Amino acid sequence: MTAQTIAPTSFTGHLSPARIAAFAGHHAEHCQIEVVAETGSTNADLLARVAQRSLSAATLLAAETQTAGRGRAGRTWLTAPAAALTFSLAWPFAAPLHALVGLPLAVGVTIAETLADFGVAVQLKWPNDVLQGGRKLAGILIETATAPDQQVWAVIGIGINLSIPEQLQEQIGQRAASLPAPAAQDRDLLLASLLSALAQNMRQFESHGLPAFVERWNRLHAFAGQQVLILDQGKVLHEGRALGIDQIGRLMLQPDGGARPLAIMAGDISLRAKEG
């Protein structure tokens, strides 16, 4: 499916589960689709339902407004009504929790490849951000849980900036990117395209793991070959040239003057281009 398949409607209209399902097609035919006007966090809502064993199938939950969105390491995801596309996908895996290492990287590839179908070129920042022109366009938060019946679930939270008011830009504290208007014009189509691609790629991840996505991620690497800093709460841990990710999702870094590349695990650290 491409962005040109269906005539678009205004992105200011309400999300429609029926239209999303129709656009998503057979890849997501077993996925339940729900839309709520407002909630605190779609991730938190789905995790609660996992704990209550009230999910019987993969479930997409989208919110018109999310008041307590979260980013990595407990950070707040700031947004405003109609300023972002915010949703979570609860996906059951027939695999142990440790097999889901690297899943955020596969999701990043999915978002980037889907947006490319809409004519939007983006890059990936390790471990879980989507950039456009060096600014953050989308974020990913994946939380995993084992239900009382021992079913393993991944709850994949995604937020994509559609239109950011100036006041919100000031609250965020850094310039963020917004999806170009043509790509955001029909949110049902955009969300359906993401759901269809996620459904396909989650099955591929379950069968083949992260190695099926490593080359694709490295082609989209925002900092490939660049000098970067690896930070932990503002302190520089390492600096060197970013090489890409390995088969288990670690960032490979060539230290300045070092003989062997370092393998950086995700953890609560951040990556930043080195200035100068």
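Phe93, Phe205 and Phe213 come together as one aromatic cluster. What you're looking at is a predicted model, where local features need pLDDT of at least 70, side-chain atom pairs count only at pLDDT 80 or more, and totals for chains, interfaces and linings use all residues. Residues are numbered from 1 along each chain as its sequence is written, and side-chain values use heavy atoms, with hydrogens and water left out.

A quick word on the rule: rings of Phe, Tyr and Trp (its six-membered ring) pair if their centres lie within 6.5 Å, and planes under 30 degrees apart count as stacked, over 60 as edge-to-face and the rest as tilted. By this rule there are two aromatic pairs:

| Pair | Centre to centre | Angle between planes | Type |
|---|---|---|---|
| Phe93 and Phe205 | 6.4 Å | 75 degrees | edge-to-face |
| Phe205 and Phe213 | 6.2 Å | 40 degrees | tilted |

Phe93 sits in strand 3 (residues 84-93) and Phe205 in helix 6, so their pair ties together parts that are 112 residues apart in sequence. Helices (H or I, at least four residues) and strands (E, at least two) are DSSP runs, numbered from the N terminus.

How about exposure? Phe93 is buried, at 3% relative accessible area; buried means under 20%, exposed over 50%, and partly exposed in between (1.4 Å probe, protein chains only). Phe205 is buried with 3% relative accessibility, and Phe213 is buried too.

Helix 6 (residues 187-208) also holds Asn201, which counts as buried at 9% relative accessibility. Leaving aside residues up to four places away in sequence, Asn201 touches Thr110, Glu113, Phe213 and Arg216, a contact being heavy atoms within 4.5 Å.
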